[in-house]
Amino acid sequence: MDGEPKNSRETVTAICELLPDDPEAAVSVVTVACAAAAITAGLDDEATVDGLRAALESMRGTGFGDIARKGVH
C-alpha cells in the first residue's frame with residue numbers, strides 16, 4: 001500500500017500484513033500493541049476492554065476477519 005491509508009479498514013489491513021503468519025503469535029503481538037496504545041492514551045482498563053469488545057463485535061458483523069485472512073495469508 002502506497003501513501004496514507006484512505007480509511008480505517010485500509011489501516012487495519014496494512015497492519016495485518018505486517019503480522020506473523022501464526023495466528024496465535026499475531027494475537028500476542030497486537031494484544032501488547034493495543035495495551036501499549038491504551039496506556040499511552042491514558043485509557044483505563046475498563047474503557048480499553050469495552051473498546052476492544054466493541055471493535056470485535058463490529059468487525060465480526062462486517063465480515064472483516066474473512067476478508068483480512070483471505071487477503072493477507
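This is a short chat about a predicted model.

Colleague: What is the mean pLDDT of the chain?

Modeller: The mean pLDDT (the predictor's confidence in each residue, from 0 to 100) is 84, and 82% of the residues reach 70 or more. In this predicted model, local features need pLDDT of at least 70 and side-chain atom pairs count only at 80 or more, while totals for chains, interfaces and linings use all residues. Residues are numbered from 1 along each chain as its sequence is written, and side-chain values use heavy atoms, leaving out hydrogens and water.

Colleague: Where is confidence lowest in the chain?

Modeller: Confidence is lowest in helix α4 (residues 64-72), with a mean of 56, and highest in α2, at 94. Helices are DSSP runs of H or I, at least four residues, numbered from the N terminus. Where pLDDT is low, the predicted coordinates should not be read in detail.

Colleague: Turning to threonine 48, is it buried or exposed?

Modeller: Threonine 48 is buried, because its relative accessible area is 19% (buried is under 20%, exposed over 50%, partly exposed in between, with a 1.4 Å probe and protein chains only). Threonine 48 lies in helix α3 (residues 45-61).

Colleague: Which residues does threonine 48 touch, not counting those up to four places away in sequence?

Modeller: Threonine 48 touches Ala38 and Leu43, where contact means heavy atoms within 4.5 Å.

Colleague: And isoleucine 15, where is that found?

Modeller: Isoleucine 15 is found in helix α1 (residues 8-18). Isoleucine 15 counts as partly exposed because its relative accessibility is 43%.

Notes. Helices (H or I, at least four residues) and strands (E, at least two) are DSSP runs, numbered from the N terminus.
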